[in-house]
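Please read them with the structure open.

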Amino acid sequence: TSNLSDIASLGKFVIASYVALIAMFIIHLLILAGVGLNPVTYLKKAFPVLAFAFASRSSAGALAMNIQTQRKLGVPDSIANFAGSFGLSIGQNGCAGVYPAMLAVMIAPTVGINPLDPAFLGMLVLIVAISSFGVAGVGGGATFAAIMVLSAMDLPIALAGLLISIEPLIDMGRTALNVNGSIMAGAVTSKVTKEIDMNIFNSKTEIVDTQEAI
């Protein structure tokens, strides 16, 4: 029963989603620059795992590469393991942050709520933050996060079902953002605590772990 206008509307939502994801990705890079880490160097070393996350749509599947990438950035093992593992179920900017918030803002006018109302936005940010705890780092996790947020905001959840047809297209970008967020968290934490090895971070050669080699 779909027509070209319906398909075009879904296409616009995909574009809008990627604009939001790219904006958040830029914020990640600005945070890195703010603590004194070169975003270009970071991107060169993080690109392989981000590409894998984009293609696989699984934060859990990218965990090993995530931790390995943090080590290549000079992040100590303790922080790399904690940030990578913790990032599977909390702090997912794409799946548990951007996506549910976008749906809530889109649906709000249909029930007579001004989506730009400060009270609405404040409640939305709080609920999105709380509901992000425990979201699985697998494909489709954003749908469950969106349903939780919409239900808590007392908004109809039908739109979440309508968007399932294009969900995989958006989920690729969301997963890459999620993984980037956990890598960034590890890098920034180790920089702030002065535990990062800047020689490794700035190195252009592969760092080989002697214990792994043995």
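1. Of the 214 residues in the protein chain, 43% are buried; buried means under 20% relative accessible area, exposed means over 50%, and partly exposed is in between, with a 1.4 Å probe and protein chains only. This is a predicted model, in which local features need pLDDT of at least 70 and side-chain atom pairs count only at pLDDT 80 or more, while totals for chains, interfaces and linings use all residues. Residues are numbered from 1 along each chain as its sequence is written, and side-chain values use heavy atoms, with hydrogens and water left out.

2. The protein chain has 11 helices and 0 strands. Helices (H or I, at least four residues) and strands (E, at least two) are DSSP runs, numbered from the N terminus. The radius of gyration of the protein chain is 19 Å, close to the 17 Å that the globule rule gives for 214 residues, so the chain is as compact as a globular protein of that length. That radius is taken over C-alpha atoms, and the rule is 2.2 Å times the number of residues to the power 0.38. Along the principal axes, the C-alpha atoms of the protein chain fill a box of roughly 60 × 35 × 25 Å.

3. Contacts in the chain can be sorted by sequence distance. Taking those between residues at least 6 apart in sequence, 78% join residues at least 24 apart. Contact here means heavy atoms within 4.5 Å.

4. The largest nonpolar core has 26 residues, and the members that touch the most others are Phe13, Tyr99, Leu103, Leu124, Leu150 and Met153. A nonpolar core is a set of buried Ala, Val, Leu, Ile, Met, Phe, Trp, Tyr and Cys residues joined through side-chain atoms within 4.5 Å. At least two residues of this core come from each of α1 (4-34), α5 (93-107), α6 (118-131), α7 (141-152) and α9 (167-192). Helix α5 gives the largest share, 7 residues. In soluble globular proteins, nonpolar side chains tend to be buried together.

5. Which residues does Tyr99 touch, not counting those up to four places away in sequence? They are Phe13, Gly94, Ala142, Ala146, Leu163, Glu167, Ile170 and Arg174. Another core, of 23 residues, lies apart from the largest one, and includes Leu37, Ala53, Leu63 and Met184.

6. Helices α5 and α6 pack at an angle of about 145°, with their axes 10 Å apart. The axes are lines fitted to C-alpha atoms, for helices over the stretch in contact, and angles run from 0 to 180 degrees between N-to-C directions. On the α5 side the contact is made by Ala96, Gly97, Ala101, Ala104 and Val105, and on the α6 side by Phe120, Leu124 and Val128. By class, this contact has 7 nonpolar, 1 polar and no charged residues. Ala, Val, Leu, Ile, Met, Phe, Trp, Tyr, Cys and Pro count as nonpolar, Asp, Glu, Lys and Arg as charged, and the others, Gly among them, as polar.

7. Arg57 is not a glycine, yet has a positive phi of about 60°. Arg57 lies in the loop between α2 (39-56) and α3 (63-72) and counts as partly exposed at 24% relative accessibility. Lys194, also other than glycine, has a positive phi near 60°. Lys194 is found in the loop between α9 and α10 (198-202) and is exposed, with a relative accessible area of 75%.

8. Is Phe133 buried or exposed? At 55% relative accessibility, Phe133 counts as exposed. Phe133 is found in the loop between α6 and α7. Leaving aside neighbours within four places in sequence, Phe133 is in contact with Ser89 and Ile90.

9. Gly34 is found in helix α1 and is exposed, with a relative accessible area of 65%. The C-alpha atoms of Gly34 and Val188 are separated by 9.4 Å, although these residues are 154 residues apart along the chain.
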